[in-house]
Amino acid sequence: MALTRTLGKGRFMGIEQLLEKASVYMKEQDLIRIKEAYDFAEQAHHGQVRKSGEPYILHPVTVADILVDMGMDVLSIIAALLHDVVEDTTVDLGTVRAKFGETCAMLVDGLTKLEKIRFQSKEEQQNENYRKMFVAMAQDIRVILIKLADRLHNMRTLKYQSEESQRRIAYETLEIFCPIAHRLGISAIKWEMEDIALRYLNPQQYYRIANLMKKKRAEREQFIDDVITRIREKLEEMGIEGDISGRPKHLYSIYKKMTARNKQFNEIYDLLAIRIIVDNIKDCYATLGIIHTLWKPMPGRFKDYIAMPKANMYQSLHTTVVGPNGEPTEVQIRTWEMHRTSEYGIAAHWAYKEGMVVPDGNFEDKMSWFREILELQNETRDAAEFMESLKMDFFADLVFVFTPSGEVIELPAGSVPLDFAYRIHTEVGNRTIGAKVNGRIVPLDHKLKTGDIVEILTSKHSYGPSQDWVKIAQSSHARSKIRQWFKKEKREENVAKGRDLLERELKRLGLEPPAWMTDEKLQEAAGKFSFNDIEDMMSAIGFGGITAAQICTKLTEKMRREAEEANQIELTNEKKEIKSANAKKGRPNHGVTVKGVDNLLVRFARCCNPVPGDAIVGYITRGRGVSVHRMDCLNIPFGMDGEEAERVIEVEWEESVEANYSVDIEITGHDRRGLLNDVLHAVSESKTNISAVTGRSVKNKMGLIHMTVLIRNVDHLSSVVEKIKRVQDIYSVHRIMQ
């Protein structure tokens, strides 16, 4: 199997090509099982087409093809072929389990989105989907490998999506899936997804860099050919066999260098790298010596990832030398095994043997962070908090520090000695009384840098963590361990504190604590939150694992339901009163009429800010007339029974509306100097008034702008959005609901 070819690029007309490729390393019995899975999937997806107009079955076959190129096992290929049948067809998980086994069903389930559960928002649903996927990934790595192949093919076919979907999916890919691919060391997928994402998020820069690369291609190729010739001659003199090639840098990596270092394209020198692949580690270092003999190495540009592999198992020697004509030239030297790992990462460490996937000997050590994901899932109740912690600890930039004995410890960028202590061991963290960095005593909030030697000072007589440590620690891992200590060691104190907080919250709501804090009611609330008993629930309130307000909501749930039922009769009377009162005097309708009723008091809901052209619906409020919402507003309880459903009424826009309407939009882009001014100028050019604007920096050098504009109708809004999208470095523009 060629290592350098692009994953799964060939277009498939059927299953035959897939089976032919898989036959290189699979047995006949495995190929039969794959064909059975294909037949099952083809029948399940029969009649379905993708937005491109192609048969849907093409997608799972292409995903399977990508995995075959990575050398994955038969169950991975079968799960790839079946990964959408439960989500997009009438097939259920039980059928998959019965036909293809428990493991295959587990893989498919881990890849199936939570579509049938009602969530408060799409963001909440997406976070829960991610949470489910990551937990499944921590149990079986093949889940995420299939998901990455799935996302790669979806990115390749992104042109068939709407522009809004293109930007949303591209941004999501950069934020979630590219960091996962990087963490797993699968550069063959990571680089391609990053380049495609850049094309849709910043097409102006993408095509500009691509065109500039084309213009320099001829002179660069001649330069590389000259360098390769000289290296090959020297290697032959030394009796070293090696494969030498020139590799162009990926567009996204060039874009990142330009933005991070604030440089122009002509200031980026290492657009091409020389890659030398040899047979063994001894030849790697011998080749390095030859390179440094031929050309002078540039200070500070040598990295030995063989002696100190990256966290994603990447190994190679990197050096930059002053090449011919004084031009900086990057050279990468590695073995064939290292090269396969650099392309396929963790997938390269899974050996196919007798139909089973067997990890190599150091697999557990290399993938220890998987266990931390499971710990994080067990300790985090909220899906949004889980995702935020995941991004903080596993997707963030890393620093690599040393223990006094020379062991390398990886930590999220910005970590402090407390994070280091808890990464070593929970007891080390709990007994910490101080820290030394590079031999000097430092405070516990000292920021660690790559290369620091960290020593933790402990004492058996330590009183344990301080409450301030939760704020000082930068990793979610350390914070959760600190909270665990308070939960366990100060249980009685937390129980008392929890009771006090619950009493205060009940009093704030105007309720008498003795009436609501009976054992029967508290036990019922504890059961709803999956606590073993009342004391566990009180302790959780005390140490901050759950809020008193959440418990009060459950305690008063029955009372609120009864109150709503009592208001049923009142609702009918309110409808009559509103019609009667407003019939006597004219009411401003803001360009909206209520079907079948004249002169009703009408107001626009601030949660969704409808404008002419939007599909709208009315909602009868208590004493404030009719509130007009967009049809897709989450605050309208469609599909519900009872009083709330009866409050929903039909409304429509008048034919001629002469007014301006407030609309909230959110803009994301690369956080550069002048971005906000450029956006404001674009809006001004569209002759649109702005009533409010705020901007702030968020993670990963992203800028977030929230703007309220005055809009005549949806066409006007679309033109404003298009103007903003044309601004350089803008990634996405979308209308938001509060």
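**View 1. Glycine 625 sits in the loop that joins β16 (616-620) to β17 (626-630).** Before zooming in further, note that this is a predicted model: local features need pLDDT of at least 70, side-chain atom pairs count only at pLDDT 80 or more, and totals for chains, interfaces and linings use all residues. Residues are numbered from 1 along each chain as its sequence is written, and side-chain values use heavy atoms, leaving out hydrogens and water. Helices (H or I, at least four residues) and strands (E, at least two) are DSSP runs, numbered from the N terminus. With 3% relative accessibility, glycine 625 counts as buried; that word means under 20% relative accessible area, while exposed means over 50% and partly exposed covers what is in between (1.4 Å probe, protein chains only). Look for arginine 603 too: its C-alpha is 7.5 Å from that of glycine 625, although 22 residues separate the two in sequence.

**View 2. The whole protein, for orientation, has 32 helices and 23 strands.** There are 738 residues, and 49% of them count as buried. Take the contacts (heavy atoms within 4.5 Å) with a separation of 6 or more: 66% of them are between residues 24 or more positions apart.

**View 3. Threonine 708 is part of strand β22 (residues 702-711).** Its relative accessible area is 7%, so threonine 708 is buried. The side chain of threonine 708 makes a polar contact, at 2.6 Å, with the side chain of aspartate 664. A polar contact here is a pair of N or O atoms within 3.5 Å; within protein, one must be able to donate a hydrogen and the other to accept it, and residues adjacent in sequence count only if both atoms are side-chain atoms. Skip the neighbours within four places in sequence, and threonine 708 still touches two stretches of chain: Ser662, Val663 and Asp664, plus Asn689, Ile690, Ser691 and Ala692.

**View 4. Helices α10 (residues 163-183) and α11 (residues 187-201) pack with their axes 9 Å apart, at an angle of about 155°.** Axes are lines fitted to C-alpha atoms, for helices over the stretch in contact, and angles run from 0 to 180 degrees between N-to-C directions. The two helices are therefore roughly antiparallel; that label is for angles over 145 degrees, with under 35 counting as roughly parallel, 65 to 115 as roughly perpendicular and the rest as oblique. The crossing of α10 and α11 is left-handed, meaning the near helix is turned anticlockwise from the far one by less than a right angle (clockwise would be right-handed). On the α10 side you'll find Gln166, Arg167, Ala170, Tyr171, Thr173, Leu174, Phe177, Cys178, Ala181 and His182, and they meet Lys190, Met193, Glu194, Ala197, Tyr200 and Leu201 of α11. Sorted by class, this contact has 10 nonpolar, three polar and three charged residues. Ala, Val, Leu, Ile, Met, Phe, Trp, Tyr, Cys and Pro count as nonpolar, Asp, Glu, Lys and Arg as charged, and the others, Gly among them, as polar.

**View 5. Helix α9 (residues 142-156) also packs on α11, with axes that come within 10 Å and cross at roughly 30°.** This crossing is left-handed. From α9 come Leu148, Ala149, Arg151, Leu152, Met155 and Arg156, and from α11 come Ile189, Glu192, Met193, Ile196 and Ala197. Eight of the residues in the contact of α9 with α11 are nonpolar, none polar and three charged. A handy reminder for reading such lists: an α-helix has 3.6 residues a turn, so residues three or four places apart point the same way.

**View 6. Helix α26 (residues 534-543) is largely enclosed by the rest of the structure, because seven of its 10 residues are buried.** Those buried residues are Ile534, Met537, Met538, Ser539, Ala540, Ile541 and Gly542. Just past the helix, glycine 544 has a positive phi of about 90°.

**View 7. Helix α25 (residues 519-528) crosses α26 at roughly 70°, the axes coming within 9 Å.** That makes the pair roughly perpendicular. The contact is made by Asp519, Leu522, Gln523, Ala525 and Ala526 of α25 and by Ile534, Met537 and Met538 of α26. Of these contact residues, six are nonpolar, one is polar and one is charged.

**View 8. Asparagine 438 has a positive phi of about 55°, though it is not a glycine.** Asparagine 438 is in the loop between β11 (432-437) and β12 (440-442). Its relative accessible area is 45%, so asparagine 438 is partly exposed.
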